[in-house]
Structures are given as structure tokens and as C-alpha cells.
Amino acid sequence: MTKFVWDNVTVLVFAIGFFTIPFNTSFKMLHSSKISTDDFNLYIYAFSWLGILMNCVTGVHDKKTSEIILEPKRIVSIYLKGFFFIDVFSSLPYDRLTMPWRVIPGPESNIYIPLLNLFPNLKLLRFLSMTTYTQRLFQYLNIRRAVGWNTVIFVLYLMHWFACLCYVLPALVMNYNKQNLHNCGCWMAELGLTNPPISLLYRNSIFMTVTNFTAGSYGIFPPEREGHIFICTLLMLSGMIFIDYAIVLVLGMKSKRYISETKYEEIMNQLHAYMRQKQLPEYMKRRLLAYYYYRFVKSFYREKEISSTLSENLRREIALHSSRRYVQNVVIFRDLPSDVLESIVVNLKMELYLPNDVIIKAGTQGDCMFFLASGTVAVLTPTGKEICHLEDGAHFGEVALLVRDQRRVASVVAIEVCNVFRLERKDFRRCIAVHSDLFAKIERLATGRMEKTVLLEEQNKRFLLQRSNRRTSATMRNLHTKSLYPDTKE
């Protein structure tokens, strides 16, 4: 938790520093008419030195091995290979260290001191670190589209940095050529002011940046000197690159949003080609299309691949959440210990059946039971008599879990689209092997249910036999009557 709080404080400091450091090192440190000091960023530099100390003593996440490194020597070694020197050289108060040699642009100026005062801008290389921290913060606050928000933040900073650059480049040229504001020929001289205020310089710089970046115009003054032309060209090229990047980013976000639907359409196209090649009849085509529609609900995903990337605990939690309530409703499982119930739930397998699909056929050997997650099924005797309907949350076929090679005593047919969970006998026996008393109880309950079904089947057989006998007797009487009175008309 301490690391998380520290990272969020670092995000706040970086967000302020990425604005104030370029602004003060350009418009204040390189001012054309007076020498100033940067008092505000001293607090940023102080915090940066505290951050350097923290980075030397806190754990580091190794992306290659996915482990947290806590050994002090390895932490320092990794930091030295990373941002250590950038953090150090960008956290020094160069305006105060170079104060004896700083002069106003003119005959006595040089390029080296102004360049040295720009060293704090190396901290802008830490923008990717701030992006990482903000993504974690967005995840913690459950804010979606972190990439989009980070892009917006980057654009705002980029405009600000280019505005500072519009002032820095002419200022460096003045120091290099030992010129002042009146004879440099730069865009600041065209303002016609002896001591232009910083606010005016910044407004003109940001206007020049936005207009050139968007290729709207050149700004207030058209470029005539090489330096001004260079700045405008750089801004236009950067704007074109960014606009292309923004288009690619938006298209990528749109494609990611609908990637599952797109993959579903690809699968459906393959399915249509498969059906044409196999020359399937129309009713079978309709069933295949219906199966894929209800199986994926127009969104294709690879469940096994997703599940394989999850931890064992997470897979267990998902399985318990999705199917535990169906198992808990089963009478024979009601008194099972929670650990046994969890192990049973984890072994459930999802299946989909379309209307009129036979889920269980009477007379076949059973090796699994089913839990009805959604839909309606009809339970039929071997002779076709409907016993009942089962709906969401019901279960059937549990006798097969207890008796090996036991033949099904009833058929189960899907009336509508049904999602069911299947539990294999071998998985059930492995889960409950150590609980012999529970197994005996379950066996008694299942046997009673099986005997009830068999009794209903016997009653139905007797009923059918009696009806058949009555029809036979009536037929024999009619034949006997006709033989006695052959001339009688019906």
C-alpha cells in the first residue's frame, strides 16, 4: 500500500514538473532582458532526490522473470542501468550553480551556459514512467480507456513543450551568435517590445504551436528567417505524425472493441463454406447456425486459452460463481462438505443443446449426470410417456454416478435451447471417494428416484396393454357379428 501511495504522489509531482520545468528553464532562464532564478522547481528537485533514495531501497518488478526483487544490490544495479543518471542530472539547480557565468544575450554571451540550464528537461524522459503509474491509478479507480486518457494528457503536454521550444531555439541562436533581442531577427523581435512580458511570449508561442501543429497557419508572423522556418517545419511534421498516430489509435480502439464480434463473423463465414462443401440439407444448416448463435451469442472467444492463462485459485472462483448454485439445489448433494462440493463444481463441463436434441436416451448406458442451467427439457419413459418438464436449476441422470453400466430408465429431450453442466462419474467418484457414508446416502436417494421412474414405466405399460386388449376385443366382436349376420350393413 505504501508503494501505491508513493507512486500516486510521484504522478502528481511529475504532472506539475512536466509543466513547470520546461516553462521556467526556457522563458525564465533564457529571458532576453533579465536574469532570473527558478525558485518553484527547487521543491520538484528536492522531491526528485527523495525519489532517487526511494528507488534505491524499494523492491523492483522484473518483467522478464515476473518476480519482485528485494535484494539491495540487485535493486541498485537495476536502477543504475535505468534512469539513475537521468534522475540525478535532471534534479540539480543549474540556475544557481551557473549564476556567476550567466549573462543576458549579447556580445558576452555563449551557448554553453544556456544549454547547461536546459538539463532539467531530461526529466521529460520520465513521461513513460508517469504513464505507467497513471494506468495503475486508472485500474484502481476502475476508469476505462486508460490509453485514450493518457493520449489526451500527452497531447496537452506536447503542445506546451513545443511552445517552450518555439522560444528556446531563437534564444539559443541569440546566445550562439552573440546577438540581442533587437538585432536577432527572430519572431520575438517582431513584437516590437524592448522587454516583452513572459505571459505575452508564452501566448504567442502556444498560438504558433497550435496553428502550425494543425497546419492551420504560420502563427502571428509568417516565417522569413531560417530559424523561424525550421520551427514551423518541425511543428508541421510533428503534427502530421501525431494526426496519423491518432487515426491509428482510434481505429485500433474501435477494432479492439468489436474484435470478438469480428472473429464471430469470420467463424460464421468459415461455417457457411463448410456447409456448402459438405452439401448439407437446409434443416441441418439451420441447426448448425443456431448452435453457433446460442453458443457464442455473436461474440467469439477461446474459453480454453483464456482459462489456461488464469491461476488455479481464479479458475476455481469463476467455476464456483457460475455453477455452484445449481449443485447446491441437488438433494443428494445438499449435505456434502464444502470442500467436496467445490471439487465437484470445478469438474463441471458446459454443453449446449438445441430444441428436440436428445440429451439422455432411455436404454443406453449412463456415465454422467446433468444440471440444467437454462432452458426446459421433457422427461419421457422408454415407451414415450411424458413424465414431467424440468426447468432452470433442475438436475437429472444422477443414478449413473452411483451404478456402473446402469442403463438409463428415461429419456430427456430439450424443448428449447438448453445450457447444461455435465458431471462425469469418474470425476464424481474421485471427489467423494473418502466419504463412504455420504456415498451410501446418495445411493439410497438415487435408488428411490430410479424405482419411482420404473414404477411409472410399469404403470404406463399396463395401461397401454389394457388399451391394446380392449381394442383387440372390440375388433373380435365386430368380426363375430359380421359372420353371424353377413347381410347387415354398418
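The model is predicted.

**Exercise 1. Pairing in an open sheet**

Identify the residue of β10 that is the bridge partner of F370, and describe the sheet around β10.

*Solution.* 
Step 1. The bridge partner of F370 in β10 is R422.
Step 2. Strand β5 covers residues 368–374 and strand β10 covers residues 418–424; six bridges join these two strands, which run antiparallel.
Step 3. Both strands belong to an open sheet of four strands, whose order is β3-β10-β5-β8 and whose pairing is antiparallel.
Step 4. β3 (349–353) and β8 (395–396) each have a single partner strand, so one side of each is left without a neighbour in the sheet.

**Exercise 2. The partners of β6**

Determine which strands pair with β6 and how many bridges join each pair.

*Solution.* 
Step 1. Strand β6 (residues 377–380) is joined to strand β7 (residues 386–390) by four bridges, and the two run antiparallel.
Step 2. Within this pair, V379 stands opposite C388 in β7.
Step 3. The hairpin of β6 and β7 has five residues between the strands, and in this hairpin G384 takes a positive phi near 100°.
Step 4. β6 also pairs with strand β9 (residues 411–414) in the antiparallel sense, over four bridges.
Step 5. L380 stands opposite S411 in β9.

**Exercise 3. Salt bridges and their surroundings**

*Solution.* 
Step 1. Recall the cut-offs: a residue is buried under 20% relative accessible area and exposed over 50%.
Step 2. R126 lies in the loop between α6 (112–117) and α7 (127–140) and D87 in helix α4, so the pair ties together parts that are 39 residues apart in sequence.
Step 3. R126 has a relative accessible area of 8% and is therefore buried; D87, at 6%, counts as buried.
Step 4. R422 is buried at 15%, and E424 counts as buried at 12%.
Step 5. Elsewhere, salt bridges that share partners join D39, D95 and R96 into one network. The count for the model comes to ten salt bridges.

**Exercise 4. A nonpolar patch**

Name the residues of the nonpolar patch on the surface, and classify F89 by its relative accessible area.

*Solution.* 
Step 1. The patch is formed by V76, L80, F85, F89, L116, F119, L122 and L125.
Step 2. Together these residues have about 640 Å² of accessible area.
Step 3. Helices α3 (72–81) and α4 (84–89) each supply at least two residues of the patch.
Step 4. F89 lies in helix α4. With a relative accessible area of 40%, F89 is partly exposed.

Definitions and conventions:
Residues are numbered from 1 along each chain as its sequence is written. This is a predicted model: local features need pLDDT of at least 70, side-chain atom pairs count only at pLDDT 80 or more; totals for chains, interfaces and linings use all residues. Side-chain values use heavy atoms; hydrogens and water are left out. Patches are made of residues with over 30% relative accessible area and no salt bridge: like charges are joined within 9 Å, nonpolar side chains (Val, Leu, Ile, Met, Phe, Trp, Tyr) within 5 Å. Accessible areas come from the Shrake-Rupley method with a 1.4 Å probe; for residues, only the protein chains shown count as cover. A salt bridge is a side-chain nitrogen of Lys or Arg within 4 Å of a carboxyl oxygen of Asp or Glu. Buried means under 20% relative accessible area, exposed over 50%, partly exposed in between (1.4 Å probe, protein chains only). Two strands pair if DSSP finds at least two bridges between them.
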